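Try each task before reading its solution.

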Amino acid sequence: MEQIIANGIYLGAQYAMIALGLTLIFALMNVLNFAHGQMYVLGGFVTYTIYGQLGLPYVVALLASCVTLAVLGALIEKFLFGPVIRRSSREESTMLLAAGLAFLLDAVILLLFGEKQRGVPKIVDGVLNWDFRIIMPYDRILICLLAILSIVAFISFMQFTKTGRALRALAQDRVAAQLMGVNVERYSMIGFALGAMLAGLVGGLLVTITGINLGMGGPTSIKAFMMVMIGGAGVISGAIAGGIILGFMEAIGLAVLSQYGDITYLLIFVSLMIFLAIRPQGLMGKPWG
Amino acid sequence: MTQSLKMLINAVIFLVVLFVAVPVLIAASGRTDFYFTLTSVALLSIASAGVWLMFYIGRINIGQGAFALIGAYVSAILVTKAGMSFWLTLPLAGLFAALVGVLIGVPILRLKGVYFAMISLVLTQVVSLTALALPITNGAKGITSIPLPDELSVLGVTLIPDFATLENSRLAFYYTACILMVLTFAAMYRLVNSRLGHICRSMQQNEELAASIGINIAYVRVIVFAISSFFGGIGGAMFGSIAQSVYPSTFVVTDSVNFMLNCFLGGLGYVFGPMLGTLVLYFGWDLMFELGRFQLLVYSSVLIMLMLVLPNGLLSLKLPRFAGAGK
């Protein structure tokens with residue numbers, strides 16, 4: 001039981017971070033970013049290159065992942081999403097762009113890093129063993145703490161800084177924010193960069209545990225969509241709640257249902273559909289998005 | 001020249017190209033592998049047509065792969081386990097997919113915008129995982145060595161010969177797929193220009209307003225979703241029959257996304273958009289095979305460039321041939 005809770009917290013923290021970036025971009029731009037999973041994979045590969053290949057300190061690698069993805073996110077917003085949103089007659093057109101972007105990032109990753117599974121050396125050794133009730137490697141605990149720390153930092157950033165306030169205003173009502181003197185174009189770019197940075201950060205964190213490979217992007221995006229749906233699209237607290245709920249469901253499912261074969265995710269999907277049929281806006285979302 | 005006469009001529013030209021010119025050209029060039037490509041294009045465009053119809057009522061359906069997979073499995077199971085004729089299972093596969101569409105659609109069609117898009121994306125995954133878990137679908141091993149479609153005869157008259165006895169089954173598949181595609185798009189055109197089509201368009205623009213003038217929007221939504229699923233089921237069943245095998249990975253999330261991309265690429269405002277979009281997307285991918293490891297890079301770059309230059313789809317170029325046929 002304790003082990004399941006520990007696994008749940010560990011999975012939930014990392015999932016919440018993935019969902020945060022996706023929901024931030026959605027709230028600001030109304031863009032369903034299909035490429036979020038690929039951004040996560042790219043972040044993992046940057047950390048792999050700098051920490052695993054070049055042997056530089058892990059912190060440097062993590063920062064490099066964040067910066068790379070933030071710059072990439074800003075460029076993508078400025079040169080791709082911005083113009084398309086301005087010019088297309090239906091806003092769904094951004095979905096084609098996002099899907100194209102997912103393919104493009106997949107292609108870039110394939111060319112730069114190949115399709116093999118890559119791992120990095122452990123950051124810390126050893127395993128916590130509390131009376132055989134909770135067994136968890138120290139590096140997982142460290143990553144979990146780092147993830148929680150980042151989430152807290154992100155929330156305080158959104159809550160207390162000027163940029164954060166501007167972003168929240170933008171998410172609430174684009175036109176009203178513009179009328180109040182918020183530079184919409186600039187803050188859209190910052191917001192997109194921030195969302196991409198979160199994807200890069202979590203990629204950099206998780207590469208130390210699960211390793212990274214090309215095929216992880218798509219499934220990660222789907223998981224992120226699910227978390228966002230559980231919590232409600234475009235709501236930050238919802239993304240965190242969704243991440244934690246999915247993490248716990250997965251931990252419980254793997255522990256309880258493992259003897260019935262691989263049906264955990266099937267059950268999660270089905271219960272999600274039933275849940276959404278009853279409450280379409282998710283836990284904390286605005287009705288009808 | 002009147003509008004309808006112009007359209008009739010266009011339609012005749014299209015049919016002649018499809019059924020006469022293409023086979024003649026392929027026979028002349030000896031590239032019989034194109035048959036498989038074109039057959040796939042025809043079948044995938046049927047499934048894409050369903051997605052387009054959902055766009056027409058203002059819903060983004062990224063779950064068409066689920067219905068294609070359901071159709072493929074229903075047909076495969078009925079042919080291999082119950083020994084039914086393929087031609088009987090084809091409509092059954094479509095109807096079963098439509099039934100599933102109705103059952104799922106009643107609760108989830110209330111969702112709008114990205115909410116519906118995301119849940120339909122999850123739907124593909126659900127069906128794939130169900131196929132892995134159920135015993136009747138044979139799990140990850142899938143259903144293999146499905147026999148080719150057999151003879152269809154009514155009152156002793158052979159309408160469709162047994163595909164296994166034909167010397168060129170590729171050509172037979174090509175014709176079958178093209179006939180199905182023509183029927184699908186004719187039905188779509190008829191639908192869009194009917195009363196139901198006008199209702200759908202009003203729903204795309206403003207559902208509340210449509211409801212306020214007495215349209216039962218919940219009913220229309222489910223009907224359209226059922227038609228969309230039917231197209232998906234038919235396309236999937238035929239695809240399974242050509243590949244002679246069905247696996248849980250025959251249609252995955254990527255395929256669902258591709259069906260959506262086909263519609264976008266062709267143009268959401270045009271009935272024949274999904275057909276053109278599928279042709280360009282599928283053929284483009286195939287042609288870029290020569291590029292080797294740069295295939296995906298070039299393909300996705302072209303996709304993004306197209307999006308930047310023509311955000312409203314290829315048909316928004318207003319080619320003279322399509323100008324009258326759209327909308």
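**Exercise 1. Two residues in loops**

Task: Is B:Gln244 buried, partly exposed or exposed? Then find where B:Gln244 lies and inspect its phi.

Solution. Step 1: B:Gln244 has 31% relative accessibility and therefore counts as partly exposed; buried means under 20% relative accessible area, exposed over 50%, and partly exposed in between, with a 1.4 Å probe and protein chains only.

Before going on, a word on the ground rules: this is a predicted model, in which local features need pLDDT of at least 70 and side-chain atom pairs count only at pLDDT 80 or more, while totals for chains, interfaces and linings use all residues. Residues are numbered from 1 along each chain as its sequence is written, chains are lettered from A and ligands numbered from 1 in the order in which they are written, and side-chain values use heavy atoms, with hydrogens and water left out.

Step 1: B:Gln244 sits in the loop between helix 9 (217-243) and helix 10 (253-266) of chain B. Helices here are DSSP runs (H or I, at least four residues), numbered from the N terminus.

Step 2: The phi of B:Gln244 is near 60°, a positive value in a residue other than glycine. Most residues other than glycine have a negative phi.

Step 3: Now repeat this for A:Asn30, whose phi is also positive, near 60°. A:Asn30 belongs to the loop between helix 1 (2-29) and helix 2 of chain A, and with a relative accessible area of 38% it is partly exposed.

**Exercise 2. Aromatic pairs**

Task: How many aromatic pairs does the structure hold over all chains? Classify the pair of A:Phe45 and A:Tyr48, then the pair of B:Tyr35 and B:Tyr174.

Solution. Step 1: There are 21 aromatic pairs over all chains. Rings of Phe, Tyr and Trp (its six-membered ring) pair if their centres lie within 6.5 Å; planes under 30 degrees apart count as stacked, over 60 as edge-to-face and the rest as tilted.

Step 1: A:Phe45 and A:Tyr48 are 6.2 Å apart centre to centre with 85° between the planes, an edge-to-face pair. Both residues lie in helix 2 (residues 36-53) of chain A, three residues apart, about one turn of the helix. A:Phe45 counts as buried at 0% relative accessibility, and A:Tyr48 counts as buried at 8%.

Step 2: For B:Tyr35 and B:Tyr174 the ring centres are 5.5 Å apart and the planes stand at 55°, so this pair is tilted. B:Tyr35 is in helix 2 (residues 33-56) of chain B and B:Tyr174 in helix 6 (residues 169-192) of chain B, so the pair ties together parts that are 139 residues apart in sequence. Both B:Tyr35 and B:Tyr174 are buried.

Step 3: Follow the ring pairs onward, and B:Phe19, B:Tyr35, B:Tyr174 and B:Tyr175 are linked into a cluster.

**Exercise 3. A helix crossing**

Task: What is the arrangement of helix 2 of chain B and helix 10 of chain B, and which residues meet?

Solution. Step 1: Two packed helices are described by the angle between their axes and the distance between the axes.

Step 1: The axes of helix 2 of chain B and helix 10 of chain B come within 8 Å and cross at roughly 70°. Axes are lines fitted to C-alpha atoms, for helices over the stretch in contact, and angles run from 0 to 180 degrees between N-to-C directions.

Step 2: The two helices are therefore roughly perpendicular to each other; angles under 35 degrees count as roughly parallel, over 145 as roughly antiparallel, 65 to 115 as roughly perpendicular and the rest as oblique.

Step 3: On the helix 2 side, B:Leu44, B:Ala47, B:Ser48, B:Val51, B:Trp52 and B:Phe55 meet B:Phe259, B:Met260, B:Asn262, B:Cys263 and B:Phe264 of helix 10 of chain B. Contact means heavy atoms within 4.5 Å.

Step 4: The residues of this contact divide into nine nonpolar, two polar and no charged. Ala, Val, Leu, Ile, Met, Phe, Trp, Tyr, Cys and Pro count as nonpolar, Asp, Glu, Lys and Arg as charged, and the others, Gly among them, as polar.

**Exercise 4. A buried phenylalanine**

Task: Which residues is A:Phe154 in contact with, leaving aside its neighbours within four places in sequence?

Solution. Step 1: A:Phe154 lies in helix 5 of chain A and is buried, with a relative accessible area of 6%.

Step 1: Leaving those neighbours aside, A:Phe154 is in contact with A:Leu20, A:Leu24, A:Leu194, A:Leu198 and A:Ile236.
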